Amino acid sequence: MKGVFQSMRIYQPVRGVGGALRENSFAVIDDAGVEIGQGSLQFRVLKKMLPDRPLDIELGMQAHPAASDTLFGALCARAESIKEEQKNLPARLYTRCAIGDTACHEYFTRMGFDDYDGDEFFALPIPVDLSARRRNYSPVGCKSIDVDLRSRTRREEFLMRLKEFGCVEHANEWLEERMRDPVFIARAMYAGSDYVGEMLVTGQQTEATLEMVLVEQKWRGHGVASALVDEAVMQLSKQGVPYLTARAVRRNQSAMRLFKRCGFDWVRTDCYLLGRDL
């Protein structure tokens with residue numbers, strides 16, 4: 001393909017690419033004005049979920065091979081700028097790569113990305129008889145209650161807590177719809193009046209999903225998350241739901257250890273998260 005394009009121009013399109021902000025989006029056109037590549041960055045600050053490297057920058061890119069390096073360079077430079085704007089928080093720049101996408105894997109690893117991380121999928125069979133399952137109890141002095149989501153204000157507060165712990169930034173309408181699902185479990189744990197942690201499980205009668213389980217930093221290592229998951233297991237068993245599924249990025253080792261401790265089985269790696277630390 002060498003020599004096909006005499007010149008290329010990279011610019012920031014009027015509208016962001018793939019839902020990203022305009023300042024985090026780039027496009028490449030050839031000398032005939034035909035677009036031959038586009039890419040974007042989206043980032044989150046996950047201090048509570050990933051305290052060691054909390055700035056999470058996801059790169060998305062589609063380009064003709066002749067435009068790939070130009071586009072990749074612009075995106076990497078912008079990622080460094082985002083890091084500076086976020087007061088030089090330790091960061092991870094990564095892109096999603098399907099397991100069988102050899103071309104994507106080869107390109108990004110050639111450009112210095114590692115393939116140590118992945119999006120991992122787990123499943124926990126829910127026993128009908130819980131007597132043989134070892135119970136994880138709440139820490140002494142802690143009590144869990146149903147989360148009050150009756151008002152829009154309460155739902156917005158709940159969604160903000162999910163965002164702080166790295167969960168997908170769902171809208172209020174998403175939560176209202178999930179609340180109508182056959183399976184909906186929202187529990188919070190407190191030590192007196194102090195907030196300790198929270199859990200959300202949604203789904204259908206055939207399968208439920210652990211949307212999130214989060215624990216405040218000072219309460220980690222005290223069995224809070226395991227106790228909350230066990231509460232979900234007990235309720236799902238009563239409802240006759242056969243499976244509870246969950247996802248975690250591989251580098252979130254606390255989540256990986258939790259799933260193992262609670263009896264989840266690793267099922268598959270849904271995709272690679274090729275990346276590098278900034």
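The model is predicted. The chain has six helices and twelve strands. Its C-alpha atoms fill a box of roughly 70 × 35 × 35 Å along the principal axes. Of the 278 residues, 45% are buried. Among contacts with a separation of 6 or more, 64% join residues 24 or more positions apart.

**The sheet as a whole**

- Twelve strands make up an open sheet with mixed pairing.
- The order across the sheet is β1-β2-β3-β4-β5-β12-β6-β11-β10-β9-β8-β7.
- The edges are β1 (residues 8–11) and β7 (residues 142–146). Each has a single partner strand, so one side of each lacks a neighbour in the sheet.
- On average, neighbouring strands are turned by 25° against each other, direction ignored.
- In general, the strands of a sheet pair through backbone hydrogen bonds, either parallel or antiparallel.

- Strand β8 covers residues 183–191, and strand β9 covers residues 194–203. The two run antiparallel and are joined by nine bridges.
- Phe184 has Thr202 of β9 as its bridge partner.
- Helix α3 (residues 152–164) packs on the sheet.

**Strand β12 between β5 and β6**

- In the strand order, β12 stands between β5 and β6.
- Strand β5 (residues 91–98) pairs with β12 (residues 265–277) in the antiparallel sense, over seven bridges. Ala98 has Cys271 of β12 as its bridge partner.
- Strand β6 is joined to β12 by six bridges, and this pair is antiparallel too. Here Gly118 stands opposite Tyr272 of β12.
- The charged end of Arg268 sits over the ring of Phe121, 4.3 Å from the ring centre.

**Cys271**

- Cys271 belongs to strand β12.
- Cys271 is buried, because its relative accessible area is 11% and the cut-off for buried is under 20%.
- Beyond residues up to four places away in sequence, Cys271 touches Arg96, Cys97, Ala98, Ile99, Gly118 and Asp119. One of these, Ala98, is also its bridge partner.
- Cys271 and Pro125 are 146 residues apart along the chain, and their C-alpha atoms are separated by 23 Å.

**Aromatic rings**

- There are eight aromatic pairs.
- Phe72 and Phe108 form an edge-to-face pair, with 5.9 Å from centre to centre and 65° between the planes.
- Phe72 lies in helix α1 (residues 65–85), and Phe108 lies in helix α2 (residues 102–110). The pair therefore ties together parts that are 36 residues apart in sequence.
- Tyr107 and Phe108 have ring centres 5.3 Å apart and planes at 90°, so this pair is edge-to-face as well.
- Ring pairs link Phe72, Tyr107, Phe108 and Phe113 into a cluster.

**Arg178**

- Arg178 lies in helix α4, which spans residues 172–178.
- Arg178 is buried, with a relative accessible area of 16%.
- Its side chain makes a polar contact of 2.7 Å with the side chain of Asp181. Another polar contact, of 3.4 Å, joins the side chains of Arg178 and Glu177.
- Apart from neighbours within four places in sequence, Arg178 is in contact with Val183, Phe184 and Thr202. Of these, Phe184 and Thr202 are bridge partners of each other.

Conventions: Residues are numbered from 1 along each chain as its sequence is written. This is a predicted model: local features need pLDDT of at least 70, side-chain atom pairs count only at pLDDT 80 or more; totals for chains, interfaces and linings use all residues. Side-chain values use heavy atoms; hydrogens and water are left out. Two strands pair if DSSP finds at least two bridges between them. Helices (H or I, at least four residues) and strands (E, at least two) are DSSP runs, numbered from the N terminus. Axes are lines fitted to C-alpha atoms, for helices over the stretch in contact, and angles run from 0 to 180 degrees between N-to-C directions. Contact means heavy atoms within 4.5 Å. Rings of Phe, Tyr and Trp (its six-membered ring) pair if their centres lie within 6.5 Å; planes under 30 degrees apart count as stacked, over 60 as edge-to-face and the rest as tilted. A charge sits over a ring if NZ of Lys or CZ of Arg is within 6 Å of the ring centre and within 35 degrees of the ring normal. Buried means under 20% relative accessible area, exposed over 50%, partly exposed in between (1.4 Å probe, protein chains only). A polar contact is a pair of N or O atoms within 3.5 Å; within protein, one must be able to donate a hydrogen and the other to accept it, and residues adjacent in sequence count only if both atoms are side-chain atoms.
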